[in-house]
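Please look over the sequence and the model below before reading on.

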Amino acid sequence: MNAVASEKIETPIEDSNLAAVSEVEAGIRDFVRNDVAYLRRSPGLATTEPATDAGADATVNNVNSLIQRVAGTSLAEIENLVSELESLRDLLHAEGQRVQREIAGYAQLSQAAMKSTRIIAENVAQWKRTADGLRNG
């Protein structure tokens with residue numbers, strides 16, 4: 001049942017990751033198209049138009065913004081996962097210590113039961129010897 005629940009949780013994340021990757025790819029394609037179009041319009045690299053530079057800068061800024069958004073989302077998910085794993089580690093450590101305490105308690109109880117059984121067996125054997133001595137005597 002947990003596996004089914006975890007698959008339902010992961011599916012929207014995977015879809016958003018695929019959408020983010022598609023968005024990044026589209027941004028890169030637009031950047032490359034604008035860059036190629038800019039190079040085709042410019043007769044040389046030294047003579048550039050300020051308006052075209054502004055367009056290229058805007059495209060670069062858009063791509064950078066897009067990459068930061070995608071990376072930010074991924075980093076946030078990774079940080080959440082790390083914090084969840086740390087809390088699970090702490091929980092497992094605490095549970096391990098509790099189980100060790102329980103086992104130690106059961107071991108002490110078992111030793112006490114064995115000691116009591118030994119004492120009872122010795123007393124029964126002594127009573128039997130006494131009873132046999134009274135019958136023979």
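This is a predicted model: local features need pLDDT of at least 70, side-chain atom pairs count only at pLDDT 80 or more; totals for chains, interfaces and linings use all residues.

Residues are numbered from 1 along each chain as its sequence is written, and side-chain values use heavy atoms, with hydrogens and water left out.

**Salt bridges**

- A search of the whole structure finds three salt bridges, a salt bridge being a side-chain nitrogen of Lys or Arg within 4 Å of a carboxyl oxygen of Asp or Glu.
- Arg-98 pairs with Glu-95, with the closest N and O atoms 3.0 Å apart, and these residues, three apart in helix α2, are separated by about one helical turn (helices are DSSP runs of H or I, at least four residues, numbered from the N terminus).
- Asp-132 and Arg-135 form a salt bridge at 3.7 Å, N to O, and both lie in helix α2, three residues apart.
- Arg-89 forms a salt bridge with Asp-90, with the closest N and O atoms 3.7 Å apart.

**Exposure of the paired residues**

- Arg-135 is exposed at 69% relative accessibility, whereas Asp-132 is partly exposed at 32% (buried means under 20% relative accessible area, exposed over 50%, partly exposed in between, with a 1.4 Å probe and protein chains only).
- Arg-89 counts as exposed at 53%, while Asp-90 counts as partly exposed at 45%.

**Nonpolar patch**

- Leu-81, Leu-85, Leu-88 and Leu-91 form a nonpolar surface patch with about 380 Å² of accessible area together (patches are made of residues with over 30% relative accessible area and no salt bridge, like charges being joined within 9 Å and nonpolar side chains, Val, Leu, Ile, Met, Phe, Trp and Tyr, within 5 Å; accessible areas come from the Shrake-Rupley method with a 1.4 Å probe, and for residues only the protein chains shown count as cover).
- Leu-81 lies in helix α2, residues 50–136, and is partly exposed, with a relative accessible area of 49%.

Technical notes:
Helices (H or I, at least four residues) and strands (E, at least two) are DSSP runs, numbered from the N terminus.
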